Amino acid sequence: MGYRWGIIGTGHIAHQFAKGLKICSSSECYAVASRGMETAKRFAKEEEFAKAYGSYEELFKDPLVDIVYIATPNHLHYSLTMEALENGKNVLCEKPFASNLAQVKEMVEKAKEKNLFLMEALWSRFLPSIIETKKLIETGEIGTPLILQAEFGIHPPYNPESRLFNPELGGGTIPDIGIYPIFLSLLLFGEPTEIKVVSTPAETGTDMSTAIIMKHQGERISVLLSTFATSLKSNATISGTEGRIELKRMFHTPTRVTVLKEKEEKEREIELSYVGNGYNYEAEEAIKCLNEKKIESNLLPHSFSIKLMELLDKVTSLAKGSGVKTEIINQGE
């Protein structure tokens with residue numbers, strides 16, 4: 001027994017999270033809600049949840065639900081998070097947190113007003129490999145970090161009505177997979193001072209492929225790429241004055257980190273395989289925060305999600321149309 005979880009949505013990510021939740025301490029797989037009762041019942045049976053609801057509102061009104069995980073399509077994240085908070089529920093909401101910066105700020109203010117826990121479910125942030133990579137850079141393992149290269153590419157069938165391509169559902173590579181390279185850049189190099197974007201659109205108007213170059217303080221540069229047009233290796237490399245760190249496919253969920261020092265002949269492999277399917281780490285972080293009566297995580301605070309959404313907004317805006325779009329954020333830095 002422990003915190004009673006309610007899951008909003010019954011898609012692939014909801015199933016993955018439910019499987020991760022089963023190995024978490026102080027957690028109970030309690031309720032699931034879908035827009036249809038039969039779908040909710042199938043999910044509850046498969047994932048061994050006690051309750052099934054045929055509407056989201058019913059789950060929000062259940063007094064026994066302690067925390068909800070929102071796993072719906074992107075365009076519903078804001079409204080459902082606000083509804084959950086209004087009903088006194090702590091919230092873990094899938095990435096991207098919302099559709100724009102204004103919505104994220106409203107969500108954060110509502111969580112503060114209600115004194116409830118709120119966190120973006122950006123699962124990569126809590127994986128041992130990402131935590132170790134950040135530590136290696138901060139301790140000077142590769143000297144001064146200068147260049148970050150990260151890519152994420154998958155080749156799904158083109159369907160204008162799918163959540164990946166439909167603008168009404170928050171489609172496009174930037175919010176769906178581009179968020180991972182952008183997240184890594186923000187985590188390791190901080191906010192950029194200049195952004196350049198080249199993008200090609202899908203027929204629906206959402207981005208099909210987007211390349212981003214960002215300049216940061218300390219002469220650091222991030223080179224990022226996301227695409228639905230072709231499959232990529234989806235690796236990430238951080239290069240510094242004394243070596244480099246590599247996160248192999250898929251870099252957002254690696255099980256090992258490779259370090260190559262310039263003065264050493266051999267690469268050093270750091271094995272960081274994790275328990276469960278990886279989704280359990282974000283759930284454990286939420287539980288830890290609830291135990292400590294915090295409304296935000298130290299690892300992924302509200303301020304980081306606000307900065308990340310601000311970057312997603314800027315990149316999306318620059319990506320519209322074709323050609324190179326540049327924004328100087330702070331020329332003096």
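**Close-up 1. The second largest pocket of this predicted model has a volume of about 450 Å³.** A pocket here is an open set of points on a 1 Å grid over the protein atoms alone, where a 1.4 Å probe fits, with protein on both sides within 12 Å along at least five of seven lines. Its volume is the space filled by probe spheres set on the points, which are joined across faces, edges and corners. There are 25 lining residues, each with an atom within 4 Å of a point. Nearest the centre of this pocket lie Gly171, Pro175, Thr206, Thr316 and Lys320. Two or more lining residues come from each of α7, β8 (192–201) and α9 (302–319), and α9 gives the most, with five. Helices (H or I, at least four residues) and strands (E, at least two) are DSSP runs, numbered from the N terminus.

A word on the model: residues are numbered from 1 along each chain as its sequence is written, and side-chain values use heavy atoms, leaving out hydrogens and water. As this is a predicted model, local features need pLDDT of at least 70 and side-chain atom pairs count only at pLDDT 80 or more, while totals for chains, interfaces and linings use all residues.

**Close-up 2. About 710 Å³ of space lies in the largest pocket.** Look for His12, Ile13, Lys95, Arg163 and Asp176, the closest to its centre of the 29 lining residues. Both α1 (12–21) and α7 (173–189) supply at least two residues of this lining, with α7 giving the most, four.

**Close-up 3. Helices α1 and α2 (residues 37–47) have axes that come within 11 Å and cross at roughly 30°.** The axes are lines fitted to C-alpha atoms over the stretch in contact, and angles run from 0 to 180 degrees between N-to-C directions. This angle makes α1 roughly parallel to α2, a term for angles under 35 degrees. In the contact (heavy atoms within 4.5 Å), Ala14, His15, Ala18 and Lys19 of α1 meet Phe43, Glu46 and Glu47 of α2.

**Close-up 4. The peptide bond from Lys95 to Pro96 is cis, with omega near -15°.** You will find Pro96 in the loop between β5 (90–94) and α5 (101–114).

**Close-up 5. A cis peptide bond also runs from Arg249 to Met250, with omega near -15°.** Met250 sits in the loop between β12 (243–247) and β13 (256–261).

**Close-up 6. Ser26 has a positive phi, near 55°, in a residue other than glycine.** The loop that holds Ser26 lies between α1 and β2 (27–33).

How values were computed. Angles under 35 degrees count as roughly parallel, over 145 as roughly antiparallel, 65 to 115 as roughly perpendicular and the rest as oblique.
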